[in-house]
Amino acid sequence: MSELLKSLSPVWRWGIIALSTLLILFLPIPGNAAEPVERSFQIEASQFAYSPAILSVNPGDRVTIELLATDVVHGLSIDGYDLETTSDPGQTAHLTFVADHQGSFRFRCTVTCGNLHPFMIGKLQVGQNELLWRGALLAGLALFAAIWGARK
Amino acid sequence: MRKEWIARSVILVFVAAAITISMVAWQARSRGVVIHARMAETGGWNPESLTVEVGRPLHLRLTSDDVMHSFAIGKSDEPPVDVIPGEITEVTLTFDEPGKYTFYCTRWCSVNHWRMRGTVEVTGPEAAAEAVEPPLYVTLGLDIDAEHHADVIPERRPSASLGAQLGAEIPTDYQSREYYRSHSPADLWQALRDEASLSSLTNQDLWDLVALTWQSNTTPQDLSAGQQLYTNNCAACHGETGAGDGVFSDDLKQPKTGEHAEMQAGEMTARPTDFTDAEHMLAASPARLQGKVLRGGMGTGMPYWGPIFTKEQTWALIAYIWTFQFKLEDAP
Amino acid sequence: MNKFQEIALKEMFSPNARETEISSQPAIPRRINLHQIPWIRPLLQSHWPQFLIRSLTLAGFAFTIFAGLFGSRVGSHNFAIIFVWIAWWTALKLAFIPLGGRSWCSVCPIPLPGEWLQQGGILEKSRRRFGLNLRWPKRLRGSWLQSGGFLVIGLFSAVTLTDARLTAWVLMALFGLAIILSLVFERRAFCSYVCPIGGFTGIYAKTAPVEVRVIDTAICAAHSEKTCYHNCPWGLYPVALRDSAQCGLCMECLRSCPSDNIAVNLRPFGTDLAAGNKGMRQSSRLDETFLALVMLGSALAFAAVLTGPWGSLKSAAFAIGSPAWLLYGFGLLVLNLVILPGAFALAVWSGQRWSGGKVQLRRAIANQAQILLPLGLFAWIAFTVSFAFPKMNYVFSVIFDPLGWGWNLFGTANSTWSPDVSAFSPGLQVALLLVGLFWSVSVAQRLALTNTGRTLRQILPLLAFCLAFSLAMLWLLVG
């Protein structure tokens, strides 16, 4: 096998690498075919964290986030979803949406709540994090390509 | 050498420009009243006392140095104005009557948010001294700090609509506003129990009649206004469900120690009242509640809302608080 | 092209050449001498363009300090915070370093007063000079202090990045320190040995496509005065420049060479790394290795603390002096002083063992640090994309209201437009990390090729190290 690998000309090598890249980028990753359900999360927002900070849902789920600020006014907006809400302490805010975008999305505070406000971050995981998987596979491919592609 | 002098001038000009802009800006910002808002623990309003002549507009520029605040004048119809960190909000106020007005923060910014208050002294020709009517609990001679509990409590939450369906005659004395304000639900229940014409009704039925009476002394508009007041001002400590489990209730359970101990010197804060506790609430009259709301908790951490709420607002809020005990919606 | 081959030949047989792997000789990479391009040449020759830029950065620096001290305490509305930690940092990581190497150093305002005092003038030197001009102590040479400085930044980052006053004080402290060091030591001692920014800018400059090099060493050999050396504020000897880590691109040597024998070359990326300059002595030192590792560890730490969802970690990093913060600091130091250096050393050692190589461990570690440079550079670029892109709208709003005092200089201060970068930002970060990994592995491959023996075995543990780091960054940023 290694003889075969070594004998291929650079054109062939890079062709194979390119093909593998395309495969990794576009091959569908088997996700769980779970039925979309209604989910509800109660998130407490304090300086400077959400609790819970990591939410996991399946694609298609109808998600309700109940945001309750516990010390000062906080907000929540989700990257990749055009949603935003604000909660004053003692006033739970509700946000309902359908998780139709798949992947890992950060959600952030939208009301200046103190020094670390720009770093008040949580994570919404919808289904498989395809970007992470494909990125990891591509990293392996990059390693292989850098070694093999350059060999004489 | 000429090159050197040109170079030195360039540096001087550029750096001087930067500094001059800064200095000019520094001067410019001092014009006009700028109020900086901070959480009560780190200073509150700065400045916290203002003076203006009656009838003269007062231009205020408000900014926050830390978190979201809001600015409103107590007992006034002026809508609150958000005070946003790093940004300036402007508001112009004109006062028609001389006197001392309180301004306060209306968006919760810490457990001591309610202490964020300041005063506006409006000077002018002394208006005719109005007789200041003392609050009802004072007139009644009520000790609002005294212990109170109901001997008999309902099995389920009393409902005004069920009470209406009973079709019973409640003596008119008991339906008056004065009676409502000065008596507790337990008082009314006992009075109804002693009423011969109602002796066929069960205890629970009588509680429903009490709820009905309570409902007749308020309006849906008042309940709605009261709910808004409760949500904005009370829910943070007393809880959205009135159970005394609001987001700050844990902070209030024990006395504060540490760097902010001076704020609570001599105080022993206490857990916020549970409005869903029937034994406790049903033995309280609206006047007692009004007293607590106006005067505050004398060291328990309960704010005093006297300078903030108008009379109408206070009664509306109290009417809403009863909804934690009674179902006050209209009959279908 | 003839000259380059002559240089290569000379270097191969000169007594100065240390151990160099001499096997196959690839073609000398192309260089484009910017100094010879007609419209660029006057810009480099004249002092004025660079001087004007530096005056601007100095004025900006003064204004930044003022904004930090007296402006709004709210970080997102203070020019100091936004322009230092978002605008300038992004420009540094995405443009100055990858494209220009140590180019920021050529316009940095911090060493200016020191330089003027040392020279006795701004553009013209005079006899009245200030400063003791001592040599920098030998023990403190290298980038050890800079690595330490960067770790200190990491310990206090949560507060410094968010407190405008503290940012201003840090800038003033660096400014003051630079002046003091200029009055005691010769040349740009602060920049070379103390400035934390200078540290990593230097090592990453080895990957950048810009360099200053001598054209014909024969001319230098015949020139006794060595005006280039005397004029270099960095104390470098251009003829001996082997990599771009120490050269601050100030162009003084260029201007003072009587034979026009110094070039500012555009070159392919990464030519200072491993066998890029075949036959040239590679300079890689243990201190540079350590700094490269600190940069990797800091990238992981900053990504975890600032862009991760772990609130307790952020609070710990913020509560300076508390037990939680001590724990955080301890973890940071263990990662940077023990775990990463240990893993790297282990990877180098096992690679050497496995392939039967006879190289000393210390030298191998120093040499193979070059592999870490593209990895770290792109990890930091990816982190900067993740950290700064969602906050870019603050840059615009702070230009119009730099002090948070309610100015509205161009009428758009309160626009709440914020760019939705989430569509492309994660993909971009992944792409950047992949480029860094690929490049690092290529460097490892080339470095190993120069050794006789089994190249793959020698670098396999190192590849595992690089892959592990990349996967960790990947997970932290987009996981």
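B:Glu90 forms a salt bridge with B:Arg61, with 3.9 Å between the closest N and O atoms. A salt bridge here is a side-chain nitrogen of Lys or Arg within 4 Å of a carboxyl oxygen of Asp or Glu. B:Glu90 lies in strand S7 (residues 89-94) of chain B and B:Arg61 in strand S4 of chain B, so the pair ties together parts 29 residues apart in sequence. Strands (E, at least two residues) and helices (H or I, at least four) are DSSP runs, numbered from the N terminus. B:Glu90 is exposed, at 58% relative accessible area. Exposed means over 50%, buried under 20%, and partly exposed in between (1.4 Å probe, protein chains only).

The model is predicted: local features need pLDDT of at least 70, side-chain atom pairs count only at pLDDT 80 or more, and totals for chains, interfaces and linings use all residues. Residues are numbered from 1 along each chain as its sequence is written, chains are lettered from A and ligands numbered from 1 in the order in which they are written, and side-chain values use heavy atoms, with hydrogens and water left out.

Over all chains, the structure holds 26 salt bridges. One of them joins A:Glu38 and A:Arg62 (3.6 Å, N to O). A:Glu38 sits in strand S1 (residues 38-46) of chain A and A:Arg62 in strand S4 (residues 62-69) of chain A, so this pair connects parts 24 residues apart in sequence. A:Glu38 is exposed, with a relative accessible area of 60%. A:Arg62 is partly exposed, at 39%.

In chain B, B:Arg38 pairs with B:Asp65 in a salt bridge, and the closest N and O atoms are 2.9 Å apart. This pair links distant parts of the chain, 27 residues apart. B:Arg38 is in the loop between strand S1 (33-37) and strand S2 (45-46) of chain B. B:Asp65 is in the loop between strand S4 (57-64) and strand S5 (69-73) of chain B. B:Arg38 is partly exposed, at 25% relative accessibility, whereas B:Asp65 is buried, at 11%. In chain C, a network of salt bridges links C:Arg31, C:Glu211, C:Arg213, C:Arg267 and C:Asp272.

Chain A touches both other chains. In its interface with chain C, 41 residues of chain C are in contact with 34 residues of chain A. Contact means heavy atoms within 4.5 Å. The size of an interface is often given as the accessible area lost when the parts come together. Chains C and A bury about 3000 Å² between them, 70% of it on carbon and sulfur atoms. Buried area is the accessible area (1.4 Å probe) that two parts lose on being put together, summed over both. Polar contacts, by count, join 10 residue pairs (both at pLDDT 80 or more). Such a contact is a pair of N or O atoms within 3.5 Å; within protein, one must be able to donate a hydrogen and the other to accept it, and residues adjacent in sequence count only if both atoms are side-chain atoms.

Helices H14 (286-307), H15 (311-318), H20 (425-449) and H21 (455-478) of chain C each supply at least two residues of the side that touches chain A. H21(C) gives the most, with 11 residues. By class, this side of chain C has 26 nonpolar, 11 polar and four charged residues. Ala, Val, Leu, Ile, Met, Phe, Trp, Tyr, Cys and Pro count as nonpolar, Asp, Glu, Lys and Arg as charged, and the others, Gly among them, as polar.

Between chain B and chain A, the contact takes 16 residues from chain B and 17 from chain A. These chains bury about 1200 Å² between them, 56% of it on carbon and sulfur atoms. B:Arg107, B:Glu240 and B:Val247 lose the most area in chain B, together 38% of what that side buries. One salt bridge crosses this interface. B:Arg107 forms a salt bridge with A:Asp88, the closest N and O atoms being 2.8 Å apart.

The largest nonpolar core has 199 residues. Such a core is a set of buried Ala, Val, Leu, Ile, Met, Phe, Trp, Tyr and Cys residues joined through side-chain atoms within 4.5 Å. A:Tyr50, A:Ile78, B:Trp45, B:Phe71 and C:Met473 have the most contacts inside the largest core. H14(C) gives the largest share of this core, 15 residues.
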